[in-house]
Amino acid sequence: MYKYLDKVNSPQDIKNMTVDELDLLAKDIRKFLVRSVSQTGGHLASNLGVVELTLALHKVFDSPKDKIVWDVGHQSYVHKIITGRKDNFKNLRQFNGMSGFPKECECEHDIFDTGHSSTSISVAQGLACARDIKKEESDVIAVIGDGSITGGMALEALNHVGYTNTDMIIILNDNEMSIDKNVGGMSRYLSGIIRNSTVNKVKDEVEKILQVSPGGNIISKTANKVKDSIISKFIPQECSFFESIGIKYYGPVDGHNTKEIIEALNKAKSKKGPVLLHVITKKGKGYRYAEEQPDKYHGVSKFDIKSGIKGSNAVSISNQVGQKLSEMANKNENIVAITAAMPSGTGLNIFEKNHPN
Ligand SMILES: Cc1ncc(C[n+]2csc(CCOP(=O)(O)OP(=O)(O)O)c2C)c(N)n1
């Protein structure tokens, strides 16, 4: 039924695929995801956004020896498909069925029982430290969303990783959405980088020019210091946050360009110390309704693929909460509302509309 997906039962099956074949496989996977989630419900938009990224990760790294830690556990469906679990999607999130999140007891490729969110960089740092103490060889990769990287625990981990210079890779999967539209200083900062995407091209060029000297590569420590200081002059302010706390920044990379991601991952793999690779993806990619309304298609119940999600007459608990709180706040100005980055999912969008301040 699926020309390319039917051939894939483990990460080994994609190792020899060409970029064109991977792109055709990505098409199959999107079709499979929409069909499957429309029948069971589940997380849709985020998974449609990480198809090429997940394929590239499994092509470049050797899971489970190399450890891929999914921060936002609801982004792991494609990983589950590639790691031999596509048949279990029939029972996704059902009693005795497959979990919607990574589960160590379910599969050796699931490294940590992630719920969501903001834990992956700490976990990856721990795994990388253990690897170094045991003198083992492997890559450790944390995949974190632009919403989740704003969580306190993620920021603590960045602080630590930069200081200890741990050899690991952080993939920042930036779809400019948390569950709803992302907000905050970090989000504004990352959008600035996306607008100024010349950052890395300039950096690469300077690095190339400096490495090809008439006598071969520049190898002395002093020469490297000179090189770093010249590079830093060329790097615009935008990427200085990660670099200045000790994490090499690469990107932004188009998260739907398989060739580009594979090249960037290989480059990140070859570097020593912590590297952050900024990958830009589109939440809902490939299914029109989900691209247009990624918040509505974040977590869904069963729906009809052709017509999309229809409004239901049933009043949800979240809506009732939003309505009731709004009424209470009409009479009591001491009532304020705080949402965990998901106003529509909690009904607080209703409160926000009635009490914008
Ligand atoms: C402490 C806490 N705050 C908020 C949430 C709700 N939540 C779960 S994942 C997430 C972030 C999702 O955004 P992102 O990391 O960008 O991933 P995406 O959904 O866009 O794929 C949020 C806000 C939560 N689970 N826990």
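Tutor: A polar contact is a pair of N or O atoms within 3.5 Å; within protein, one must be able to donate a hydrogen and the other to accept it, and residues adjacent in sequence count only if both atoms are side-chain atoms. This is a predicted model, in which local features need pLDDT of at least 70 and side-chain atom pairs pLDDT 80 or more, while totals for chains, interfaces and linings use all residues. Residues are numbered from 1 along each chain as its sequence is written, and side-chain values use heavy atoms, leaving out hydrogens and water.
Student: How far is the H74 side chain from an oxygen atom of the ligand?
Tutor: An N or O atom in the side chain of H74 is 3.0 Å from a ligand oxygen atom.
Student: And which distances apply to S46 and S148?
Tutor: A polar side-chain atom of S46 lies 2.9 Å from an oxygen atom of the ligand, and one of S148 lies 2.6 Å from a ligand oxygen atom.
Student: How many residues surround the ligand?
Tutor: There are 19, with a heavy atom within 4 Å of the ligand; the closest are Q75, G147, S148, N175 and M177.
Student: Changing topic, what does I171 touch?
Tutor: Not counting residues up to four places away in sequence, I171 has contacts (heavy atoms within 4.5 Å) with L53, L57, I141, A142, V143, I144, L265, L277 and V279.
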